[in-house]
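Have a look at the structure first.

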Amino acid sequence: MNVKLQVPEANARQRVPSALYWQSRFFDATKTVWKQLADIESWALADEIVGQSVNRPVYVCGLARSGTTVVTEMLNAHQDLTSHRYSDFPNVYTPYWRNWLLQRGRMGEAQAVERAHQDGLWVTQDSPEAVEEVLWNYFFPQIHDSESDQRLTQATNNAAFERFYREHIAKLLLVREAPRYLAKGNYNISRVGYISKIFPDARFVIPIRHPVNHIVSLYKQHLLFMQLQQHDKRTAQQLVMSGHFEFGPQRRCPNLGDSSITQQINDSWSRGDELQGWALMWRQAYGQVQQYLEDPDLQEQVMLLRYEDLCGEPQSCIDVILSHTGLPAEPFAAAREHYQSILKPPNYYHFDIDDAILEEIWDTVAPVAESFGYSRPL
């Protein structure tokens, strides 16, 4: 493949911490027990849960590497929102008891470290993270099966999950004393219809990036996690236990209703044509978003956010995001000023692609990319 990438070298700092690995294995092996404890927690808090509404939750979703992390971190700075945090994993099931104990037992400030992605984003145990995927995996065990349609729509029914999920969010809001829930979850791009059925007043913010830059970034991350697996054989298993199948040896291709596309993606990857596989995935994912934006039942709930616009015109983009999500602007003034000063296009990777490969990528993504205002790079 005629593409040149600068991929950071994996190092010992990115090894999976042993304590986290063994805790994750324990909670994964005993998840049925923890589900039962979650039900007991809900029973004990029944009166409080009844009085805690889940009002206008905000979902940030899209393909990985599209800007979902920075958008979630920005929204998490708003006083009206709370999200799952790194500290909520691996014990995701009992949010009230775990956070109640954590609030009373923590000493000192949480230490910031750069993510394993090596993308310049630093996080602490209090940073928002896509933790709820563990719950989706529990109630929908085939949700990452590439041979099945992974979309969840307004026709989906799972009463046990819907009850559990409402109670889970209510408990998180109670213990954090926050009025509204914020969720980061890339895979929720395939569940917008179902989530809007559970919460008809939900709001979705879906970042999108120029497909060429996005595809190369996806490929770079996959190479990095393959390197991490070579340094630490626990990496892939840790990612599976946390519900991440985007990068690394455990990578799985999403199936969004057209199994022939899924097969084409897998065939491309199998023969080493990585960029074409990612291009097909980009077209599939944002073609799905295109359908949401054209659906009269969903279009008012869904906002598409071009990452380039956010970096180039942060003030106006932040205003649009606040308006779409119904968040008051005044309490966000300090955070707005901060993000206006730091938002800029990423500069942590460089690449060079043959014209022939670039043409192939663009031919693949053009039908969707052009509808979102993107053009072929010169």
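This is a predicted model: local features need pLDDT of at least 70, side-chain atom pairs count only at pLDDT 80 or more; totals for chains, interfaces and linings use all residues.

Residues are numbered from 1 along each chain as its sequence is written, and side-chain values use heavy atoms, with hydrogens and water left out.

First, the rules of the search. It runs on a 1 Å grid over the protein atoms alone: a cavity is a set of points where a 1.4 Å probe fits but cannot get out, while a pocket is an open set with protein on both sides within 12 Å along at least five of seven lines; a lining residue has an atom within 4 Å of a point. Points are joined across faces, edges and corners, and a volume is the space filled by probe spheres set on them.

How many cavities of 30 Å³ or more does a search of the whole structure find? There are three. The largest cavity holds about 220 Å³ of space. Its lining has 19 residues, with Leu63, Tyr187, Glu246, Pro254 and Met281 nearest the centre. Helix α12 (residues 274-294) gives the most to that lining, four residues; helices here are DSSP runs (H or I, at least four residues), strands likewise (E, at least two), numbered from the N terminus.

The second largest cavity is lined by Ala130, Glu133, Gly185, Asn186, Tyr187, Gly243, His244 and Glu246. As for the second largest pocket, 19 residues line it, and Asp28, Lys31, Asn137, Val240 and Met241 lie nearest its centre. The elements giving two or more residues to this pocket's lining are α1 (18-29), α6 (133-139) and α10 (235-241).

The table sorts each lining by residue type, where Ala, Val, Leu, Ile, Met, Phe, Trp, Tyr, Cys and Pro count as nonpolar, Asp, Glu, Lys and Arg as charged, and the others, Gly among them, as polar.

| Space | Volume | Lining residues by type |
|---|---|---|
| Largest cavity | about 220 Å³ | 12 nonpolar, five polar, two charged |
| Second largest cavity | about 40 Å³ | two nonpolar, four polar, two charged |
| Second largest pocket | about 330 Å³ | 11 nonpolar, four polar, four charged |

**Nonpolar cores**

A nonpolar core is a set of buried Ala, Val, Leu, Ile, Met, Phe, Trp, Tyr and Cys residues joined through side-chain atoms within 4.5 Å. Buried means under 20% relative accessible area, exposed over 50%, and partly exposed in between (1.4 Å probe, protein chains only).

Which residues touch the most other members of the largest core? Out of 77 residues, those are Tyr59, Trp136, Tyr165, Phe199, Trp282 and Tyr286. Helix α12 supplies the largest share of this core, 10 residues. Leaving aside residues up to four places away in sequence, the contacts of Trp282 (heavy atoms within 4.5 Å) include Leu63, Ile208, His214, Val365 and Ala369. Another core, of 23 residues, lies apart from the largest one, and Val70, Leu81, Leu182 and Ala335 are among its members.

**Salt bridges**

Taking a salt bridge as a side-chain nitrogen of Lys or Arg within 4 Å of a carboxyl oxygen of Asp or Glu, the count is 15. One of them pairs Arg251 with Glu274 at 2.9 Å, N to O. That pair links distant parts of the chain, 23 residues apart: Arg251 sits in the loop between α10 and α11 (259-270), Glu274 in helix α12. Arg251 counts as buried at 18% relative accessibility, and Glu274 does too at 9%.

Arg376 and Glu359 also meet in a salt bridge, 2.9 Å from N to O. Arg376 lies in the segment after α16 (355-369) and Glu359 in helix α16, so the pair ties together parts 17 residues apart in sequence. Arg376 is partly exposed at 28%, as is Glu359 at 33%. Lys35, Asp39, Arg163 and Glu167 are linked in a salt-bridge network.

Most residues other than glycine have a negative phi, and most peptide bonds are trans. Here, a cis peptide bond joins Phe89 and Pro90, with omega about 10°; Pro90 is in the loop between β3 (81-83) and α5 (95-105).

Arg56 has a positive phi of about 45° and lies in the loop between α3 (46-51) and β2 (58-60). Arg65 has a positive phi of about 75°, in the loop between β2 and α4 (68-76). Buried or partly exposed? Arg56 is partly exposed at 31% relative accessibility, whereas Arg65 is buried at 10%.
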